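Trainee: Could you pick one part of this model and take me through it closely, with the cut-offs spelled out?

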Amino acid sequence: MTNTRKPTRSSGTAETKFDGFTAEERDAMKAHAQELKTSARRSPRTAKADGESDVLAKIAGMSDADRVLAERLHEIVRSTAPDLTPKLWYGMPAYARDGKVVCFFQSAQKFKSRYATLGFSDQARLDEGTLWPTTYALTELTADTEARIGELIRRAAA
């Protein structure tokens, strides 16, 4: 009997080999699993306050540039949409409505990116026709940028 199997071809070199998730992605998934466990153990009465303290602690642990952006973004979200509940989501500060994340802040350092991002989930009410952005790069917060973010948060939380 002859072997009719063809040899498997490699699509890249050892340097470009796909090894699955990056270390940062694995860390985010582990953080999310821990968040779910912690959330399940909390009293529903204290969940909002606990979420706020978790988010503030996460922000405090960020690098200087990311921390400044995250602190200001937290203030904008809390003043613009006080009904959104702060919580951690995959290790990132996020804001939820009825337990579902509406928007989140991703620090540049977390995924070794050039810039931090403000992202919106499918729960955000930002629909505009058939195409609209869901993630925004943040490098600094000017008065115009803060006003634009405030408007996005207001629409997303509506």
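Mentor: Gladly! From the N terminus on, the elements of the chain run α-α-α-β-β-β-β-β-α, giving four helices and five strands (DSSP runs numbered from the N terminus: H or I of at least four residues for helices, E of at least two for strands). This is a predicted model, where local features need pLDDT of at least 70 and side-chain atom pairs 80 or more, while totals for chains, interfaces and linings use all residues. Residues are numbered from 1 along each chain as its sequence is written, and side-chain values use heavy atoms, leaving out hydrogens and water.

Let's take helix 3, residues 64-80.

Now for its sides. D66, L69, A70, L73, H74, I76 and V77 are buried in helix 3 (under 20% relative accessible area with a 1.4 Å probe, protein chains only; exposed is over 50%, partly exposed in between). Seen down the axis, these buried residues fall within an arc of 165 degrees, so they line one face of the helix (the arc is taken from the directions from the axis to the C-beta atoms). An α-helix has 3.6 residues a turn, so residues three or four places apart point the same way. Turned away from the buried side of helix 3, the other face carries the exposed residues D64, V68 and S79.

For context, 32% of the 158 residues in the chain are buried.

Key:
Expected span 1.5 Å × (residues − 1).
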